[in-house]
Each structure stands twice: as C-alpha cells, then as structure tokens.
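Work through these exercises with the model open. Try each task before reading its solution.

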Amino acid sequence: MMSHFALPSGQHSVIPKYKSERPMWEEFNNHPINSQFVHSDARSSEKNKRNRMIADIFLNIRIWTLFALFGGVYIYIQNHRRRPPFPVINTHANDLFHRKANQDYATNASALINTAFTTHPTTPFALALPNAHKIILPACLSNFVKSNRDLDHRELVRQDFYAGYPGFEAQDVLHARGDMLLDIIKTKLGQNDGIMSVLDVNLKTALRIHWGEEREWRTLDWHADTTVIIACAASSVFVGPEKCDDEEWLKLVQGYVMAYFSAVGELHAYPAWSRRIVQRFFSPNASACRKYVARARVIMRDVVADRKRRVEEAKADGRDLPVWNDALAWTQAAPGGKEVEAGDLQLSLAMAAMFTTSELFRQALIDVASHPDIIAPLREEYQQQSAKHGISVAAANGMVLMDSVLKESQRRSAAVVALERVALKDVILPTGHTLPRGTHIMVDSTSLLSPAHYSDPESFVADRFLRKREAGDNFSQFVQSGPDYSVFGGGRHICPGRFFAGNELKIAMAHVLDKYNIRLKKGYVSTPLEIGVYKVVDSKVAFEIRRRTED
Ligand code: HEM
C-alpha cells in the first residue's frame, strides 16, 4: 500500500540514520570514552550482580502477588467505573475481559436492541461496545437530542476517533471547535452551480479511465473501482485541477481514509490507558497515517506556493488574476484558513466525504442492478433534466426518482442507531432519567426497517420516497432529516455535506447508467454486512459492467 510513497526529496539528508542495530545504552557502555571509567573485571562482576538481582526480582513470589493484586484492583476499578446507570443488554456473568459482551455486540447488535425495546420500550438502556458503554435512547427522544446543546456530536467524535493522536490530524481539523470548514462545506459546496460542471467532467473522465470502454461484460474490482470514482469526483472540487487526477494524490487520500478508520477500529480493542502507546509504536495503520499526513502537507504546500506564484506573475504582467473554485482556494481565503495546514484540511474533507459517499454509491449500484426495470426511467429522467437545465443544481433537484432511489438505498443500509452524542454536563431526559456528564448516547433507528413505518421494509422500492413526497410528506427528500429518519443526523450537527453528497451521487449514478449496462452476477443476492450497530455494503459483490453502444 505504501509503495507509491516517495519521501520528500532530500529528507534522508536531514534525518541522520542511526548507524547501529545495537541498543543505544549498550553502545554507550561500550564506547571507549565511557568504558575507560570502568575496569573490565569489575565491569563483568557488576554485570553479574545486576543480572542476579533482576532474576531474584522476577522469581520472587511476593512481587508476582503484588502484580496480580494491582492488576485485579485496576480491572475492578475499570469495570466499576465503566458501569452505566442503565441496564446493560449484553452483559454476561464471569465475563471479566468482556469477551462475550464484545462478541455479542459485534455479531448481534441489532437483534439485541430490538429485543431490549420489548422490555424497555420508552426508557434508555446500555450497550457495551469494546471501547465504551453507549446508552441507547428510544426514537421518541430524537427531537430532544437534536435540539439539546449539552449533547454534543463533535466532542463525541473527538473522543471516539482519537483526535490529538499523531497522524490523526485530519480529525482535529474536521471536529475543531471553530466553524471554518463547516461554513465552507455549507456555503460553497452545497448548492453551487459552478462545481456541477467540474463534477460532471471529472466523473466522465474517471469512468472512462477506471471502468473503461470495453463492450464485453466484465467484473469490476468492486471496492477499488467504486471508491476511485468518488475519490476523483470529490478531489476535483476539494483539491482542484492540479491534483484531482494525480495518481499519487488519489492513492494518498484513499489510503489515508482506509488506514485511519482501520487504526481507529484496532485502537477500540485496547484498554484506554494503552491506546496512545499502541497508536504510537505498534499500529502499522497509525504509522501509515503519519506518513500520509507528512506527504499530504508537502504536496499541498507546493500547490499553494505554486498558486501564489502564478497570482504574483499575473499581477506583475498586468493580466487577469487566476481564480480557483475549489475547497483549497476557499479555505485559503477564509479567516484563519492559512494557519491550518492545507494538507490536513484536504485529508479531513476526504475523511468526511469519501467513505460515506462511496458506500452509498456502492449500495445504490447494487440496488439498481438488482432491479433492472428502474434503469430506463432513471436514464430518461437524467436526459430530460439535463436537456432542460444543463448540468446544474436545478437538474439534480429535478432528478426526483434518483433522489428516491438514493434515499431508499440509504434506508436499507443505514446503521441501527443515529445521533451519536456525548453529554457535556448532567442532562435530565424527558423520561426523568439523568445522563451523567461524559455519557455517550445513540438514538434508536431500527424504525428504518420496521413494518410499522415502511410497508415491506426489507424490500427495495425505488419510488417509495417519491410517492411519499408526492403525497405531501416533507421528510422524503434525500437531504431531509425527520423525526424517524436521521441518517444524516439532525439539529445543529446535521451533516453539512449532504447536499454535495446528493448532487455528486446523482451525477455519478446518471453517468454510470447513461454509459454502461450493469448487472450482478447471475443468482447473486446481496445484503449489507452488520458490524455491531453499523452496516457496511456487501464487499464481495460480483458486479458486472459493459460499455453501452448507444451514446
Ligand atoms: C452519503 C454521505 C454522507 C453521510 C451518510 C453522512 C452522514 C453524517 C452524519 C450521520 C453526521 C453526524 C450528524 C449528527 O449526528 O447530527 C455527519 C456529520 C458531518 N458530515 Fe457527513 N455524511 C455524508 C457526506 C458528507 C460529505 C460529502 C461531507 C463533506 C463534504 C460531510 C461532512 C460532514 C461534517 C463536517 C460533519 C460534522 C458536522 C458537525 O459536527 O457539526 N459529510 N455526516
């Protein structure tokens, strides 16, 4: 994965290479200058004495008893401290190291939650995750959670995703206390006609390069060939023309996102006290993150310097100044933007946008390929809208069937919880229960697959949300959040990137359907994979494509 990395030129000359494989202290003792102070016989008898002392310590039963005692007290305190003031639904007797609880969580979370609601229909209960207890609140509290300012999303993400650890700087930037990046996402990315044509051109190019022009059926390299399409589209708007189709940059952002989320998953499994040590010294994914950050900073500093140079040259020549319409330019122009490493900003955008959007792209592709009768109406809708409005926000807004398809795919592949928050102080719930400060909460979202809310909830119904929308339901558009639909969150933390994600996905899906025939391998039935309370799109799909002849 790292082979594409060239270290910044000249770096080897500033970092002196340590010349010996021996431990540093051994070198110190053996160095002529130091050894002259110690006579060699005296030195060896000293060494023997020291070795005997170490052996004595390790063979001493009292020392081991002390170790065991401290260990036991530590585990007791940890378990005691971690116990929440609500019933835990995956607790087991004699499960000292939470192995059974973790196993239950990993393989059976949604069933556990559904069962728990039969005994606690309107009151909170707790779910033990490998890194913390999470309190699950009933969906009837979702509006309370969305509007309560003492229940914070950003602080939760900072805690759960280890902001402040070296290599995880993208997280620090994304969930920093200021609003610079969020404002840019909200104001510049969402409803900006200027970026629609950029997305359009780059998606066409990305599909031609990565999916090809082959007129015979072939199977995609599913994960890589779908992620790269979203990476190219997003990069065209985030980093701009210099790097949006640069192979090293595209690999870097995809590699960082993958390494970062893998490292976070690994760290969850370690006790809190050891995570910084593991992250710093024993996690290859975290170490990859540090290298990616260092390289991203170098690349982005060069791009920023080059842009500055071009502006200066244009000024000197009396030419019109060059203008860039991308997140790099917007952040550079924003107050405080220049103080943040441009590389970190880019990685943080990639982290927020890449995984979420490419997962939904994959799910929508699977759903549409599994329901081929919907393909012709979707193609027709795109043709009509682009003929009427050109490639624009208005055209994307007019793609109402595609909007419904995306929301339906999202409904079926969403996590069984939403609205993850941490209590910044003690919070009294409308149920009368108190959430102590520091409590992590999630709100039940199992209604997304409940027959009480959706007829035939397990099935993909392409126009389900379109019909609701036509019947006057205000919460049925892709970007809308409602009391029972919080896949983009809600309240002041609602995902600011949802408009951009919607536009990007609509154009990406339209181009795929316009240019390719798509299908799943014959007989293949795909379902999302549940990992705890989250779901990931089927990663093993044999997804087949063929370039269409009509153009
Ligand atoms: C299908 C794609 C996406 C999904 C499903 C998604 C989902 C979410 C969710 C669930 C939240 C938490 C909201 C809450 O709990 O109230 C969130 C927050 C956020 N999202 Fe997205 N997101 C997507 C795409 C994007 C994109 C494309 C961007 C950026 C360009 C983005 C940027 C952010 C940011 C910055 C936050 C933090 C907001 C805050 O803390 O106030 N997201 N997203």
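**Exercise 1. A tyrosine in a loop**

Is tyrosine 162 buried or exposed?

Solution. First, the ground rules. This is a predicted model, where local features need pLDDT of at least 70, side-chain atom pairs count only at pLDDT 80 or more, and totals for chains, interfaces and linings use all residues. Residues are numbered from 1 along each chain as its sequence is written, and side-chain values use heavy atoms, with hydrogens and water left out.

Next, the scale. Buried means under 20% relative accessible area, exposed means over 50%, and partly exposed lies in between (1.4 Å probe, protein chains only). Tyrosine 162 has 5% relative accessibility, so it counts as buried.

Now locate it. Tyrosine 162 sits in the loop between H8 and helix H9 (169-174). Helices (H or I, at least four residues) and strands (E, at least two) are DSSP runs, numbered from the N terminus. Last, check the backbone. Phi of tyrosine 162 is positive, near 55°, and the residue is not a glycine.

**Exercise 2. A leucine with positive phi**

Find the element that holds leucine 419, then describe its backbone and its cover.

Solution. Leucine 419 belongs to strand S5 (residues 417-423). Its phi is about 50°, a positive value although leucine 419 is not a glycine. With 4% relative accessibility, leucine 419 counts as buried.

**Exercise 3. The shell around the ligand**

Which residues come nearest to the ligand?

Solution. Start with the rule: a residue is near a molecule or strand if one of its heavy atoms lies within 4 Å of it. There are 26 residues around the ligand, and Arg154, Arg421, Gly490, His493 and Cys495 come nearest.

Then look at polar contacts. Such a contact is a pair of N or O atoms within 3.5 Å; within protein, one must be able to donate a hydrogen and the other to accept it, and residues adjacent in sequence count only if both atoms are side-chain atoms.
- Arginine 421 has a polar side-chain atom 2.7 Å from an oxygen atom of the ligand.
- Glycine 490 has a backbone N or O atom 3.0 Å from an oxygen atom of the ligand.
- Histidine 493 has a polar side-chain atom 3.0 Å from an oxygen atom of the ligand.

Next, the elements. Those that give two or more residues to the shell are helix H8 (153-160), helix H10 (180-189), helix H17 (342-370) and helix H22 (498-515). H17 gives the most, with five residues.

Finally, sort by type. The shell holds 15 nonpolar, nine polar and two charged residues. Here Ala, Val, Leu, Ile, Met, Phe, Trp, Tyr, Cys and Pro count as nonpolar, Asp, Glu, Lys and Arg as charged, and the others, Gly among them, as polar.

**Exercise 4. Salt bridges**

How many salt bridges does a search of the whole structure find?

Solution. Side chains of opposite charge can pair when their charged atoms come close. The cut-off is a side-chain nitrogen of Lys or Arg within 4 Å of a carboxyl oxygen of Asp or Glu. The search finds 27 salt bridges.

Take the bridge between aspartate 344 and arginine 297 (2.8 Å, N to O). Aspartate 344 lies in helix H17 and arginine 297 in helix H15 (residues 284-317), so the pair ties together parts that are 47 residues apart in sequence. Aspartate 344 is buried, at 5% relative accessibility. Arginine 297 is partly exposed, at 22%.

Now take glutamate 408 and arginine 411. Their closest N and O atoms are 2.9 Å apart. Both residues are in helix H20 (residues 400-413), three residues apart, which is about one helical turn. Glutamate 408 is buried at 0% relative accessible area, and arginine 411 is buried at 1%.
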